[in-house]
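Please look at the sequence and the structure before starting.

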Amino acid sequence: MTVRLQREDFDVNAEVAALTRGRADIGAVVTFTGLCRGSEAGEPIAALTLEHYPGMAEAEIARHVEAANARWHLLGVTVIHRYGRIEPGENIVLVVTASSHRQDAFAAAEFLMDYLKTRAPFWKSEERAGGAQWVEARQSDDAAADRWEPAPRRSEAAQ
Amino acid sequence: MKILYFAWVRERVGKPEEEIEAPAGVSTVGDLMTWLAGRGEEYAYAFENPRVVRAAIDRTHVKAEAPIAGAREIAFFPPMTGG
């Protein structure tokens, strides 16, 4: 498991290569990259600034990676979340999941993203024409995370 | 104990962190929010709607009913918007 918080950009291909290098057991790699949009509800956004809670953000992501590992058969997970100022078109977050078959890799990537949105201590502020504005949490994101509860154990889920 | 504030809670309080000593009787996270809200205008503004403010004790999410005894670090912040 690799969990990194960083100000600088990441290279998706390099992260996939690092996860799969020298391994013949991985049959599926799913990557999700979240990017900064240049507008929200029709209003232009010059940039996002991401604030985070150092220490807790890493711990919270690691807890969710462990939960994903308990739930699906994963052969590797990488999560990278940027903080600081990010302009439209730039990367914000990367989730890479590796498994022997695609189903587990797809499900775990979606699970991790849904939890990152609602449980990882990050806050987005948007630079709009009228000034900086904190992004409000979306009910749809809470609903997306809630649908993963309760977590079945892997042995039960496999049956 | 150390109190941390993030995002608009930090902006409203006007500082990212501080050391406090909660008086006797302040035993839960909810009590602490009520007590903090009485410390001045900026705190009252930050905690005007305590139900939307989230909390963590020693870097783990907790609810308002959580006891604060033994906590080293308590953080207050809005609902998270990462990812």
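A nonpolar core is a set of buried Ala, Val, Leu, Ile, Met, Phe, Trp, Tyr and Cys residues joined through C-beta atoms within 7 Å. A residue is buried if 20 or more other C-beta atoms lie within 10 Å of its own, exposed if 12 or fewer, and partly exposed in between, with the C-beta atoms placed from the backbone.

The model is predicted, so local features need pLDDT of at least 70 and side-chain atom pairs count only at pLDDT 80 or more, whereas totals for chains, interfaces and linings use all residues. Residues are numbered from 1 along each chain as its sequence is written, while chains are lettered from A and ligands numbered from 1 in the order in which they are written.

**Exercise 1. The core**

Determine which residues of the largest nonpolar core touch the most other members.

Solution. Step one is to take the 50 residues of this core, in which A68(A), V95(A), A108(A), L112(A), F6(B), V9(B) and A75(B) touch the most other members. Step two is to ask for the largest share, which comes from α3(A) with eight residues; helices here are DSSP runs of H or I with at least four residues, strands are runs of E with at least two, and both are numbered from the N terminus. As background, nonpolar side chains tend to be buried together in soluble globular proteins.

**Exercise 2. The sheet of chain A**

Work out the strand order of the four-stranded open sheet in chain A, and find which helices lie against its strands.

Solution. Begin with the order, β1-β6-β8-β2, in which the pairing is mixed; two strands pair if DSSP finds at least two bridges between them. Because β1 (2-6) and β2 (28-35) of chain A have a single partner strand each, they stand at the edges, and one side of each is left without a neighbour in the sheet. From one strand to the next the twist averages 10°, where axes are lines fitted to C-alpha atoms, for helices over the stretch in contact, and angles run from 0 to 180 degrees between N-to-C directions.

Next, consider the pairings of β6(A), residues 76-82. With β1(A) it pairs in the parallel sense over five bridges, with V3(A) opposite V79(A) and L5(A) opposite H81(A). With β8(A), β6(A) pairs in the antiparallel sense over six bridges, and I80(A) stands opposite L94(A) there. Since six of its seven residues are buried, β6(A) is largely enclosed by the rest of the structure.

Helix α3 (residues 102-119) of chain A lies across β2, β6 and β8 (91-99) of chain A, and runs at about 150° to β8(A).

**Exercise 3. Chain B and its interface**

State how many helices and strands chain B has, and what it brings to the contact with chain A.

Solution. The secondary structure of chain B comes to three helices and five strands, running β-α-β-α-α-β-β-β from the N terminus. The contact takes 14 residues from chain B and 21 residues from chain A. On the side of chain B that touches chain A, the elements giving two or more residues are α1 (7-13) and β5 (73-77) of chain B.

Note on methods: Contact = placed C-beta atoms within 7 Å.
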